[in-house]
Amino acid sequence: MTTETAPLADAADPGAPAALLSVRDLGMTFPGPRGTLRRRPGIRAVDGVTFDVRPGETLGLVGESGCGKSTTGRMLVRLLDPTAGRVSFRGQDITTTPQHRLRPLRSRFQMIFQDPFASLNPRQTVQQIIAAPLRAQGEGKQRIRAEVRDLVRLVGLAPEHLERYPHQFSGGQAQRIGIARALATRPELVVADEPVSALDVSIQAQIVGLMERLQAELGVAYVFIAHDLAVVKHISHRVAVMYLGRIVEIGDKQQVYDHPAHPYTKALLSAVPLPDPAAERTRERIVLLGDPPSPANPPSGCTFHPRCPKAQDVCRTEAPLLTLTAPGRQAACHFPEA
Amino acid sequence: MTSHPLLDVHDLAVEFTTEEGTVRAVKGVDFTVERGRTLGIVGESGSGKSVTSLAVMGLHRGATVTGSAKLDGTELVGAPDDDLRKLRGRRMAMVFQDALTALHPYFTVGDQIAEAYRAHFGGTRRAALARAVDVLGDVGIPEPARRADEHPHQFSGGMRQRAMIALALSCEPDLVIADEPTTALDVTVQAQVLELLMRLQQERGLGIVMITHDLGVIARVADDVLVMYGGSAAEQAPADTLFTTPRHPYTRGLLDSLPRLDAEDGAELRSIPGSPPSLLAPPAGCAFHPRCAVYAAKPDARCTGERPLLRTVADGHRSACVHDEVTA
């Protein structure tokens with residue numbers, strides 16, 4: 001049912017396995033602030049976002065603050081109700097299903113949050129936190145105890161941690177608890193929103209490594225949302241780059257990073273400082289002018305045109321569509337890189 | 001006159017007394033900053049990198065600072081508040097991570113810069129405001145005269161950071177300490193702000209201390225690097241040397257655990273096990289030994305005995321590891 005309405009993603013790779021998650025024309029318009037007489041126009045945080053996630057793969061979602069990547073992530077697991085478009089999980093539309101009917105499905109897609117402390121109840125023990133999704137699924141007490149023990153070991157914690165509270169852990173350990181909770185119901189998909197950006201550099205690698213190992217062991221698919229392009233490159237199979245609520249480029253990781261088609265992707269990659277002073281002195285750097293614009297008042301045409309070094313007249317008036325520029329890769333630009 | 005370095009820090013230590021005991025946040029660091037050069041201080045949370053800079057500026061509250069920090073020959077540690085106040089802003093200035101917190105929300109950006117300028121140079125309010133507009137222009141804020149009349153919340157993140165740099169530069173200091181100045185910014189804006197700092201440094205011969213956790217930023221701007229861990233210096237070297245031939249197991253672990261844009265596909269991340277140490281109950285001996293790969297492979301009583309001191313391992317390159325002869 002979803003594959004029929006998914007010409008975009010499947011055209012890229014006809015031999016691809018059926019999508020685990022398919023996202024079509026997803027949009028979110030937040031209501032504007034109340035004015036004196038009427039509401040001011042809404043803020044279009046996400047607009048026309050379309051992609052697929054295949055079983056067991058990692059799709060990286062990158063972009064700068066305000067680009068809509070977190071809003072998209074929350075809609076994928078229905079923590080937010082989209083105002084347009086559709087998200088299907090294993091062919092079943094989850095955007096319009098009433099919440100009570102969604103519950104049995106919820107065990108199959110979970111979320112990991114950025115701030116491990118804010119997302120764990122400070123008054124619950126680790127045991128209670130990890131058990132919560134299992135209880136919600138109506139599992140028996142015995143079964144839950146055994147499962148929770150397995151889960152803490154799986155994420156590299158010890159059973160003696162179970163009776164402690166979140167504040168007794170470091171940031172990295174707290175994130176492990178969040179991961180254990182997300183995996184409790186053995187989901188097929190986990191949406192991870194900036195799961196390592198609050199952690200120290202030496203701890204980030206531990207968590208990224210853990211997520212990779214868990215994927216290999218459990219076959220779980222990830223949507224990995226982050227602003228750190230190096231982390232996303234490391235963990236992802238495919239990458240989508242967002243700018244002002246839209247996907248401007250999506251494709252296989254190696255292609256997107258080695259030969260970016262969209263000028264924004266190119267500039268973004270060139271702005272990341274490399275931990276290599278010799279390379280830093282010589283490499284070509286595209287310094288974009290200005291800040292990312294506000295989604296409350298987006299520029300006309302291609303929303304990137306005011307900062308784009310390649311902008312022509314057509315870019316100011318016509319919004320480019322996401323089109324295939326190479327096998328397995330799409331970009332939304334009137335003048336994509338060859 | 002220029003016989004001594006711009007900033008000369010020697011055996012600087014900072015202690016806090018808390019309810020749970022004494023925290024030795026910085027345990028004796030040494031470094032110098034020359035005019036026109038950038039020292040990068042890199043470390044994780046609790047490494048003491050920010051506390052070091054606050055101690056230099058005399059901005060620590062309730063801490064005991066010992067050792068020495070000389071700005072152009074003038075001792076800062078233990079100097080009377082009045083003397084420090086005359087130096088802060090005028091000879092040395094600070095750029096913070098969060099400009100929205102560091103700037104006053106109630107006053108216009110122009111007024112805040114003008115106030116700082118008048119505190120040191122006096123003169124009329126009008127002249128000081130004109131100066132504020134000048135420096136806002138210098139840091140690349142478009143329409144500086146109009147923006148000077150706006151409040152910090154009306155600025156975007158990048159513009160706000162520029163405004164804070166303008167505030168820091170308004171009295172033409174010799175030394176700027178920047179504590180994670182681009183951490184809260186998007187990468188494209190970070191690139192702009194780093195570019196700006198480097199341009200201003202070239203134009204004015206500023207000495208810069210750049211404090212960050214981001215090794216990429218260090219590689220981009222620093223001439224020399226100080227790597228801190230658990231309140232001590234782990235390694236000190238010219239930037240090129242540090243990245244090509246890191247000596248301390250912590251520095252090497254940090255570089256190996258970094259996901260890199262320029263990495264080969266499928267390159268493995270080798271993470272450092274464990275977490276940064278608690279400053280309340282630091283490990284005995286080398287603060288890094290519980291996480292150290294060298295120690296794990298070959299436990300050594302020297303690692304758990306005394307805190308290792310920095311030793312010169314090559315020209316201008318110092319490392320605080322008892323195993324250096326093995327790891328070199």
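What follows is a walk through a predicted model, with stops in chain A and then in chain B.

**Stop 1: a sheet in chain A.** Select β1, β2, β4 and β5 of chain A. They form an open sheet of four strands, in the order β2-β1-β4-β5, with antiparallel pairing. At the edges are β2 (43-53) and β5 (92-93) of chain A, each of which pairs on one side only.

To see one position in β4(A), show Ser88(A), which stands opposite Ser22(A).

**Stop 2: the helix across the sheet.**

**Stop 3: two loop residues in chain A.** Select Arg186(A), in the loop between α6 (171-183) and β7 (189-193) of chain A. Its phi is near 50°, a positive value in a residue other than glycine.

Next select Leu244(A), in the loop between β9 (238-243) and β10 (246-252) of chain A. Leu244(A) is not a glycine, yet has a positive phi of about 50°. With a relative accessible area of 9%, Leu244(A) is buried, because buried means under 20%.

**Stop 4: a buried serine in chain B.** Go to Ser47(B), placed in the loop between β3 (38-42) and α1 (49-57) of chain B. Ser47(B) has a relative accessible area of 2% and is therefore buried. Which residues is Ser47(B) in contact with, leaving aside neighbours within four places in sequence? Show Ala25(B), Met228(B), Tyr229(B), Gly230(B), Gly231(B) and Ser232(B), which are its contacts on that basis.

**Stop 5: a helix pair in chain B.** Finish with helix α4 (residues 109-121) and helix α7 (residues 157-169) of chain B. Their axes come within 9 Å and cross at roughly 20°. Angles under 35 degrees count as roughly parallel, so α4(B) and α7(B) are roughly parallel to each other. The crossing of α4(B) past α7(B) is right-handed.

To display the contact, show the side chains of Val109(B), Gln112(B), Ile113(B) and Ala116(B) on α4(B), together with Ala163(B), Ala166(B) and Leu167(B) on α7(B). By class, this contact has six nonpolar residues, one polar residue and no charged residues.

Terms used. Residues are numbered from 1 along each chain as its sequence is written. Chains are lettered from A and ligands numbered from 1 in the order in which they are written. This is a predicted model: local features need pLDDT of at least 70, side-chain atom pairs count only at pLDDT 80 or more; totals for chains, interfaces and linings use all residues. Side-chain values use heavy atoms; hydrogens and water are left out. Axes are lines fitted to C-alpha atoms, for helices over the stretch in contact, and angles run from 0 to 180 degrees between N-to-C directions. Angles under 35 degrees count as roughly parallel, over 145 as roughly antiparallel, 65 to 115 as roughly perpendicular and the rest as oblique. A crossing is left-handed if the near helix is turned anticlockwise from the far one by less than a right angle, and right-handed if clockwise. Contact means heavy atoms within 4.5 Å. Ala, Val, Leu, Ile, Met, Phe, Trp, Tyr, Cys and Pro count as nonpolar, Asp, Glu, Lys and Arg as charged, and the others, Gly among them, as polar. Buried means under 20% relative accessible area, exposed over 50%, partly exposed in between (1.4 Å probe, protein chains only). Two strands pair if DSSP finds at least two bridges between them.
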